[in-house]
Each structure stands twice: as C-alpha cells, then as structure tokens.
Amino acid sequence: MIKEKETRPIFSILFAVSMVHLLNDLIQAVIPATYPLLKEEHHLSFSQVGMITLVYQIAASIFQPVVGSFTDKHPVPYSQIIGMSFSLVGMLLFSQAHSYAWILFSVFLVGIGSSIFHPESSRVAYMASGGRRSMAQSIFQIGGNAGTALAPIIVAFLVLPRGQQAIAWMCLFTIVGQFISYYIGTWYKRRLANVSRSTKKSIRVPDLPNSRIVATVIILLLLIVSKYFYIASITNYFQFYTMKKFGINEVEAQVYLFYFLIAVAVGTLLGGAFGDRFGRKYVIWFSVLGVAPFALALPYVGLTMTGILIVIIGLILSSAFPAIIVYAQELLPKKLGMVSGLFYGFAFGMGGIGSAVLGWQADHTSIEFIYHLCSYLPLIGIVAYFLPNLQKTPYKEI
C-alpha cells in the first residue's frame, strides 16, 4: 500500500480523476439510454434488452478484481488511457452495429474498458485524499454519476433525432478523457517514484478476527445486491415504465430518468461528506434502509409525485456507495486495488444480473409489476446493523 504524506487533499488530481470518471461513465450510460431506440429499430424484447446490460456489466465486473489484484503488485499509471481505448472501439462498433450479436460484442468491449478504468482510478482518489477518504471518494464518484446523468439528455437531443449512427459522436468524449488521463498518469508515476525512494512505513489495520472481516465483506456485498438491483430497475426500465403508465413520449421519459440520475450525483457528494463527519457505518445504514418508504410508495403515485419520489430515492440511495468503498478499503488497507475492483465489479455484475432478471420478469408479467417487486429490496438494508463501527474499533500496525 502507498501511504499518503499529504495533510491536505490534492484537489487538482481529485477533480481531474472525477472529470475522467464523468467522461467514462457518460460513455457507458449511453448504452441504456439508447434502449428505447434499439428496442424499436431492432425489434428487441425486454429480455434481450436486459441481456445487453448483462453482457456489458459482466464484462465490466469479472475483470475488475483481477485488474485490481494485478495493480496492487504492479501499478499501471496510464491504465485509464488503456481502458478508454477499449471504450472508444466499443462505441464505434456500437454506432454501426446492425445485428443483435454485434450490439452484444460492442458493449462487451465497453465493459472491458470500464473494468480497466475503475480500480486504478479509485486508488488514485485514495492516494490524493490527504486522509479525507470519503470526501475524495465522493468527488471521484460524483464525476461518474454526473456523466451517467448527462447521458439520457445527450441521447435525447443528439442521438434520438439522428438514429443509432449518431452514437459515434460519443467517441469524442473518450479522446478528451485520454488527454486528462495522461496528466493523472504522469502525477501517479511521479508519486510511485517518490514512494520507492522513501522508507516503507507500517500500515494501520483494524484489529478484527478474520472471521469478522469475512462476515463484514459479505454484509457489504449483500447491501450492494439490494442497491444495484434497485438501481438497475431505474436506469434500464424507468423510461419504459413512465411511457407505459403515464403515456409520455421518449424525450419526456429521458428527462424523468435525468431527474433520478442528477439526484444520484448530488447524493453521492453528500454521502461522502457525511461519511467523514458522522461515520461510514451510519451513512451506509441510512442510505440503503432509509430509501425503503419512498421505494414502497413509488408504484402507487401519479406522474408529478413520481418525479418527486424518484429524486428523493436517488438522493438517499446514492449516498451509500462512497462510504461502502472507503469502509472496505479501511477494512483491508493492504489490498486497495483488489477491494476497489471487487466492489466496483460486484456492483456492475449485480446491475447486469438485475437488468436481465427484471427484463425477463417484465416480459412475463408487466413493466409496472417489476416496480412493485423491487420496492421491497431496500428493506435488506437492515443487515447494516451488524457492521462493526471502524471508528470505535482498535487498530494495530503491521
């Protein structure tokens, strides 16, 4: 592990990595934002739509722990550029894909790019945090969430009027991201050189038995299942839900999805600040369980109230992930890359599996039914009660 010397966060690096995260996740979020267009042009079922997400998310999830474990031992300062290159090729193919098989292959490449991008980017945010880790992780996360929020608006006004080939314009964002990644990689390379010349310092780890650490990781992963199954129901099918239930058009449906995604971005920033101030366990508990009453009410309200509730849900639900990542990094500080890769990868994987399962369910029941079903998922958040409070846990040096 690289132990930071700074007493203050390095905001130039944090904002740079946040901006690249924005561009990276904007590219990825174009995929689900184009589902109404793809469903109509390629005559896809909801199950096939769900399978697109599954292929992308599985590619983005399986390799992340592998990449993280490798870079724990062999850091790769310019890995973000490599990841963006995969995404660039994937988006070019996606814009020209005229068969379902080519759509799946192109989103697979974008998923590979994501699996390379996230572990080292999260490590950079940790290194530049100056000890304010939740804040740093939330700055990193808000970039990704802002990019995800912008995607439906860009698709609504740039892609939908022009068709699938207009997706190729998204490749410009990957090129800009590669230039910013070069700046980050240069700083990271210098940082590694400075650390290699300094005396190796001890690492503080929580004084917990291995069985408690394993149980804690399982609880965190269970919370991610709850969170990302529910998020999958929104990001992949909320457009179809509002169009079906309220009779609005595609552009209006994208705007309602934007409300949720921008609320997610704001909630992520708030979650990071509250995590440093009040403790990460309490933020995790409130975020996952606190959204339950609003999720339970969502299927029963009208269009205006749907817009209000989806903003509240986004604000509360999104505040957990920075806290979960930093909590896991503090639990296992010797394996930053592996932990980041595991949790980002698991989150992506659960989002993909959730999308596929919910798409199958929507084909066999109705799009409205899946929101009744998913409204109970946040109740799983009760298991956060069993997380140890790391702020009150004794530490040891190794």
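Predicted model: local features only at pLDDT ≥ 70, side-chain atom pairs only at ≥ 80, totals over all residues.
## Helices H5 and H6

Two packed helices are described by the angle between their axes and the distance between the axes. Helix H5, which covers residues 100-127, packs against helix H6, residues 133-159, at an angle of about 140°, and their axes lie 9 Å apart. H5 and H6 are therefore oblique to each other, since an angle has to be over 145 degrees to count as roughly antiparallel. The crossing in which H5 passes H6 is right-handed.

On the H5 side, the residues that meet H6 are Phe 117, His 118, Ser 121, Ser 122, Ala 125 and Tyr 126, and on the H6 side their partners are Arg 133, Ala 136, Gln 137 and Phe 140. Sorted by class, this contact of H5 with H6 has five nonpolar residues, four polar residues and one charged residue.

## Helices H8 and H12

The second pair consists of H8, which runs over residues 210-246, and H12, which runs over residues 303-318. Their axes come within 13 Å and cross at roughly 170°, and H8 and H12 are therefore roughly antiparallel to each other. H8 passes H12 in a left-handed crossing. In this contact, Lys 227, Tyr 230, Ile 231, Ile 234, Phe 238 and Phe 246 of H8 meet Leu 303, Thr 306, Ile 310, Ile 313, Leu 317 and Ser 318 of H12. The residues of the contact of H8 with H12 divide into nine nonpolar, two polar and one charged.

H12 itself has 16 residues, and the 22 Å from its first C-alpha to its last is close to the 22 Å expected at 1.5 Å a residue. The buried residues of H12 include Thr 306, Ile 310, Ile 313, Leu 317 and Ser 318, and these five residues also belong to the H12 side of the contact with H8.

## Gln 239, a buried residue of H8

Gln 239 is found in helix H8, and at 0% relative accessibility it counts as buried, because the cut-off for buried is under 20%. When its neighbours within four places in sequence are left aside, Gln 239 is in contact with Pro 32, Ala 33, Pro 36, Ile 234, Ala 253, Gln 254 and Leu 257.

## Helix H13 and Glu 330

At 1.5 Å a residue, the 12 residues of H13 should span 16 Å, and this agrees with the 16 Å between its end C-alpha atoms. Of the 12 residues of H13, 12 are buried, so the helix is largely enclosed by the rest of the structure. Among these buried residues are Ala 320, Phe 321, Tyr 327, Gln 329 and Leu 331.

Glu 330 is found in H13, which covers residues 320-331, and Glu 330 is buried, with a relative accessible area of 10%. Not counting residues up to four places away in sequence, Glu 330 touches Arg 133, Pro 206, Arg 280, Leu 390 and Tyr 395.

## His 43, an exposed loop residue

His 43 is found in the loop between helix H2, residues 35-41, and helix H3, residues 46-73. With a relative accessible area of 68%, His 43 is exposed. His 43 also has a positive phi of about 55°, although it is not a glycine.

Methods. Residues numbered from 1 in each chain as written. Heavy atoms only, no water. Axes fitted to C-alpha atoms, helices over the stretch in contact; angles between N-to-C directions. Helix = DSSP H or I, 4+ residues; strand = E, 2+ residues; numbered from the N terminus. Parallel < 35°, antiparallel > 145°, perpendicular 65-115°, else oblique. Left-handed = near helix turned anticlockwise from the far one by under 90°. Contact = heavy atoms within 4.5 Å. Nonpolar A, V, L, I, M, F, W, Y, C, P; charged D, E, K, R; others polar. Expected span 1.5 Å × (residues − 1). Buried < 20%, exposed > 50% of the residue type's maximum accessible area, 1.4 Å probe, protein only.
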